[in-house]
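Here are my notes on the model, point by point. Have the structure open while you read.

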Amino acid sequence: MHLFSAMFLLVMLAGMPSEALYPSPEEGWQIYSSAQDADGKCICTVVAPAQNMCNRDPRSRQLRQLMEKVQNISQSMEVLDLRTYRDLQYVRNTESLMKVVDGKLKVASENPRSLNPKGFQELKDKVNQLLPLLPVLEQYKTDAKMILRLREEVRNLSLVLMAIQEEMGAYDYEELRQRVLLLETRLHSCMQKLGCGKLTGVSNPITVRASGSRFGSWMTDTMIPSSDNRVWSMDGYFKGRRVLEYRTMSDFMKGQNFVQHLLPHPWAGTGHVVYNGSLYYNKHQSNIIIKYHFRSRSVLVQRSLSGAGYNNTFPYSWGGSSDIDLMADENGLWAVYTSIPNAGNIVISRLEPQSLEVLQTWDTGFPKRSAGESFMICGTLYVTNSHLAGAKIYFAYYTNTSSYEYTDIPFHNQYSHISMMDYNPRERVLYTWNNGHQVLYNVTLFQVIKTSGD
């Protein structure tokens, strides 16, 4: 393949394939194809799920289950060993007593008349001393049954391990895992070099969880290292103050391991975004944007978005005080809103993240009340034509050229009422809140990369 003779096309499926992602969010990267077309252009398709591809392999799940079983068996064997040793010591200590009782019983059976009341009482006392041995012997019987079960488990484990070993051939599971991690690192590096592209497709929806009310928002940080997997959830659109922070996506799916942030000012709408450790949101009944820092649990800055409508003056088609929609992409932090001077058409402003000052503004000419939702990718605003079933991505505004075009990119609105739709440039997926369901969409970005030979 002549990669350096001419330019090549790269079709990049960023995010996670719907058929392969959940219920486990720890997935891996894959290259599905690489082919050369008739014009000598290289067409590469890269699918980049979340983390580790080995976790998706049924054999790896079997191996993890086997490892857990081996650990459980080892712990059971240790308990048995300790218990057996203790009971054996007790049996040895009572061995001499048993011999004395046995001798007295023989004498009594051979000559009953020799067993006087005093001798009978002594024999009875000796037998009473042996009574605690009965539960010890019963435990022995139970332990013997457990050993048989453990032996059968070990036999089954050996058979499964042999089958997996034959299926996997010469490769060791750890070796495979290291190879995948190396591939993941290289693909991450590759993706960072690829940069931006034009949206050409949206995958089937991936339902992560069903929680909360009909309206809300959820997100991960758009600008932090990939090792930080925290997820934030904000239920409702009216006067909310409670933000739940989950440690990982897996914890969010299970609804566990979270901390609560109580915001000092309530929010309006669902157009919030987490960017570089801070939450940016619209203050209730105002056009003020607030920057709340999670670590210090304090407001770092708040600033009015001059002229922006609020309190359902210029919402999306679904309402919900969605006048101001904050979002982030590869180019930074953005505010999408409108005002009376702009006649209700969508306005895009790029914000300075520290001071919240407006750096530049574009008037798209698209009426905001006709939009279902919108999101930014690589400096381009994509707008849906509805929040209900049958919605599609209908309009795109390119801030780099101050131009627009009408598009026809369908996507499946599975639960028929989207109240939040935001792009995460770090993961290259769309986060949506759809009628009480938290849903992800993968995006397909297209770009032409010229090589040094051109």
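1. What you're looking at. This is a predicted model, with local features needing pLDDT of at least 70 and side-chain atom pairs counting only at pLDDT 80 or more, while totals for chains, interfaces and linings use all residues. Residues are numbered from 1 along each chain as its sequence is written, and side-chain values use heavy atoms, leaving out hydrogens and water. Helices (H or I, at least four residues) and strands (E, at least two) are DSSP runs, numbered from the N terminus.

2. Distant parts of the chain are linked here: cysteine 196 is in the loop between helix 4 (173-194) and strand 4 (198-202), cysteine 378 is in the loop between strand 18 (374-377) and strand 19 (380-384), and they are 182 residues apart.

3. Buried means under 20% relative accessible area, exposed over 50%, and partly exposed in between (1.4 Å probe, protein chains only).

4. Aromatic pairs. There are 19 of these. Rings of Phe, Tyr and Trp (its six-membered ring) pair if their centres lie within 6.5 Å; planes under 30 degrees apart count as stacked, over 60 as edge-to-face and the rest as tilted. Take phenylalanine 215 and tryptophan 318: their ring centres are 5.5 Å apart and their planes are at 15 degrees, so this pair is stacked. Phenylalanine 215 lies in the loop between strand 5 (206-210) and strand 6 (216-219), and tryptophan 318 in the loop between strand 13 (298-304) and strand 14 (325-329), so the pair ties together parts that are 103 residues apart in sequence. Both phenylalanine 215 and tryptophan 318 are buried.

5. Tryptophan 218 and phenylalanine 252 are stacked because their ring centres are 5.1 Å apart and their planes are at 10 degrees. Tryptophan 218 belongs to strand 6 and phenylalanine 252 to helix 5 (residues 249-254), so parts that are 34 residues apart in sequence are tied together. Tryptophan 218 is at 0% relative accessibility and so counts as buried; phenylalanine 252 is likewise buried, at 0%. Along with Tyr246, Phe258 and Tyr431, Trp218 and Phe252 form one aromatic cluster.

6. Charges over rings. The criterion is NZ of Lys or CZ of Arg within 6 Å of the ring centre and within 35 degrees of the ring normal. Arginine 209 lies over the face of phenylalanine 252, 5.1 Å from the ring centre. Have a look also at lysine 368, whose charged end sits over the ring of tyrosine 316, 3.8 Å from its centre.

7. Which strands stand at the edges? The sheet is open, has the order 14-15-16-17 and pairs in the antiparallel sense; two strands pair if DSSP finds at least two bridges between them. Strand 14 and strand 17 (358-367) are the edges: each has a single partner strand, so one side of each is left without a neighbour in the sheet. Strand 14 and strand 15 (residues 332-337) share five bridges.

8. Strand 23. Six of the six residues of strand 23 (residues 429-434) are buried, so it is largely enclosed by the rest of the structure. Val429, Tyr431 and Trp433 point one way, and Leu430, Thr432 and Asn434 the other way. Strand 22 (residues 418-424) pairs with strand 23 in the antiparallel sense over six bridges, and isoleucine 418 stands opposite asparagine 434.

9. Positive phi values. Most residues other than glycine have a negative phi. Asparagine 257 has a positive phi, near 55 degrees, and lies in the loop between helix 5 and strand 9 (258-268). Leucine 356 has a phi near 65 degrees; at 4% relative accessibility, leucine 356 counts as buried. Arginine 428, in the hairpin of strand 22 and strand 23, takes a positive phi near 55 degrees.
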